[in-house]
Amino acid sequence: MGGRMKAKKAKPPVSIDEEKINHTVDTNIVEDFDNRPLKRTKCSESSVMDDPLPLSEISAPSLISECSESIGPKFDQINGEPLPAHPTTAKLTLSPISKLTNGERVPADDEKTFSSHDDKQPDEPKPIINNVTYDYLPQDYTITEQDECAHYVIEESSEEEILVKIEDVYVKQRYLVRLLDKSKWLDDEVISAYIYCMRDQLHVQNQNDAKLYFENPFVTRLLKRDGEIGIHGHTSLTNIVKNYLNHVLIHLPINIKDSHWYLACINVQKSEIQVLDSLCWEHNRDDLTIMLQGLQYHLDILRGQVNLSNHNWNDLDVTNWTIAEQIHEPIQKDSSSCGLFMLKFMEYWTGYTLSHRITQEIINSFRRKLAAILLCWKTNRAPPTAMFEECDESGGRPDDVIMSDSPFDQNQSNDNNSFSAENKYQSLMSVLSNLSIHELVGGLCNYIKSINSAETLEKVWIQSSEPYPISLTLKTLQGILNNELPMDPDCFNLVVRNIMFDDIQTVKRRRGLLKKHYVDMQFWMITDFGRHPNFRKKLDVEQLAKSARSWPGIKYSVSSCKSIHIPIQSNHEFLLFILDKDTRTVYILDPTPIDRIYERNPHAKYVHRLLWIAEYLPKAMSKACPGSTWNENIFLWQQKIVHDISGHKSELSGYLVTLFMSTWEDEKVNLPFLKDGYELRKQVLGKLLTFKENECKDNMPAGVQDFISCIRKIQAKM
């Protein structure tokens, strides 16, 4: 914070742990990836991206929000007083991010639980405010002098400074300072950080034998996603759901369209889904129904497993359970504190009642107290760039407080700042690294679809200059996910370029020869097909030849290739002609339905196009590789229509043609299983985003780049 600033704050008392509680808490910590909103949430739903933040500020956890968020344990009191500090036998499980994350184990069904005092404790973090830490969660929300000091630190820090790092959650000043303004909604990082604080404490009223499970918004969003699109089999999320079966009370944070948090509790003993909503919104809980359907898909998979015998559930058909509203009169009086209410519901709901009274007044006090708790929490490992310390200067009073530069090693501080700038919330990469490519691409697509800023959409995300410039804006990429739009020619050409570059790298690794040569849509566009002769541009033979020449990156001759792939576009329909020089055959791959007028002679549809290629290909090849087989009149070659690939909408034809090009082998296409056309569009978008020669990757938010990095790592192992 630069310089030395004096704050007229009384020196905080050091001992703040008279009511310290040491409960034994079993925890398995989970972070989220499909649940933090791709948009940053206003009390947002566990989503893979963040609410309308400036694009450059989106981080991996934000994305992970449509694909992340972490949640932690629960605690209680009796009549406002903390319970006696004896070890409880109640089991608390935090949804293990380890099931989705790298470097953490996936607990088995019969996994041992560990008490907090059994765990190895890492090195003690140094408090941001000297000698002041919270090592318990106070239930008295009166603001102390220490809290005021903490508020001062928050207000005086820079927006981008990371003030809180608890476990795998990082909170910047601009999110933490929202707690000091009662009109501001909570950011999801703040919610996640507090949940990590809760894992250290468990106050349970008359539930010593209860087995509680606290889910995080990331996993809840993943379940909702699965409820919408279905699943194809056992996934990492299935392992998390399997752990539910060892518990009788599962708390699920739910968000309504990135606007309102509420809590859904799975009460196994009552076979009931209990809803705690501070606003008592009257609607049919569609979001909850979809999430439960996703949960059901995973339970159905588990139901078929032979080793599924020991569990606490009598009924695995959760979609048939009653959804019961537990709060019948609104208790929230503002529009910004639903996230705070939800946290309190998680703490106090016993499965039958709230163990504590919750009012708007209590929540307002809790809001400001929470800012100090997070900043001064005992496991906060954010590198302190400033601290409060006692003033020893002459003339100063003993209770004066000095804001000074960090006493920590400056190089270390710079390293930490660099770390946070270049690898925002890097620890959450462990979440991403255990997700499949399908899940990672899905999170990216959800995020891209959510962007509606006109300025942001015009930003170039992908650019490639070789062999000629292609630039793709975010708006163009977003259009890929619109089922009603045909494939953009620039997108098509870049996908072809990517296919060719991948083939080149494969040949280099194997020290083989290129067998396939691809031309992109440039060749067809230069020929001016379909334009009236009076309006055609004068043919530039050099440009035509350039469009058919060998690609950069490897030395090879087109004349030595076994086949040439020539895509064309006509009337918004993409077709593919594959020329095989060994058999002198033209294979015709048309993904669109055959018009009824061609039923008796299907080849008639392609005569004009074949004649056009037969006229212009020799002109190009006469300069690209003179004297080769490709200079022949290909119209005289054998023509074969490839069957069982047609019947698709013309809007999808461009995507299918790129798939035909990449999977053509041994005179047939080897198509992967695809659920629908939208799935193919997502795959193509994923290929473009991971294009290795992208010259504009720095225009992408850090979180997007983190996703891409994880996808590439998985691809490298394949």
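# Reading strands, helices and a pocket

Tutor: This is a predicted model. In E19, Val586 is the bridge partner of Leu579.

Student: What makes strand E18 and strand E19 a pair?

Tutor: Two strands pair if DSSP finds at least two bridges between them. Strand E18 (residues 573-580) and strand E19 (residues 585-589) have five bridges. Five meets the cut-off of at least two, so they count as paired. The sense is antiparallel.

Student: Which strands make up the open sheet, and in what order?

Tutor: There are five, in the order E16-E17-E18-E19-E20. The pairing is mixed. Ignoring direction, neighbouring strands are turned by 25° against each other on average.

Student: Why do E16 and strand E20 stand at the edges?

Tutor: E16 and E20 (638-641) each have a single partner strand, so one side of each has no neighbour in the sheet.

Student: Which strands does H15 lie across?

Tutor: H15 lies across E16, strand E17 (563-570) and E18.

Student: How do you know what to call the angle between H15 and E16?

Tutor: H15 runs at about 155° to E16. Angles over 145 degrees count as roughly antiparallel, so that name applies to H15 and E16.

Student: What makes the contact of H6 with H7?

Tutor: H6 brings Leu237, Thr238, Val241, Lys242 and Tyr244. H7 brings Leu295, His298, Leu299, Ile301 and Leu302. By class, seven are nonpolar, two polar and one charged.

Student: Which residues of H2 and H9 meet?

Tutor: Asp147, Ala150, His151, Val153 and Ile154 in H2 meet Arg368, Lys369, Ala371, Ala372 and Leu375 in H9. Six residues of this contact are nonpolar, one is polar and three are charged.

Student: How much space lies in the largest pocket, and which residues are closest to its centre?

Tutor: About 1,800 Å³ of space lies in it. Among its 48 lining residues, Asp502, Asp503, Thr506, Ser662 and Lys687 are closest to the centre. H15 gives the most to the lining, with 10 residues.

How values were computed. Residues numbered from 1 in each chain as written. Predicted model: local features only at pLDDT ≥ 70, side-chain atom pairs only at ≥ 80, totals over all residues. Heavy atoms only, no water. 1 Å grid on protein atoms, 1.4 Å probe; cavity = no way out; pocket = protein on both sides within 12 Å on 5 of 7 lines; lining within 4 Å. Points joined across faces, edges and corners; volume = space filled by probe spheres on them. Helix = DSSP H or I, 4+ residues; strand = E, 2+ residues; numbered from the N terminus. Axes fitted to C-alpha atoms, helices over the stretch in contact; angles between N-to-C directions. Contact = heavy atoms within 4.5 Å. Nonpolar A, V, L, I, M, F, W, Y, C, P; charged D, E, K, R; others polar.
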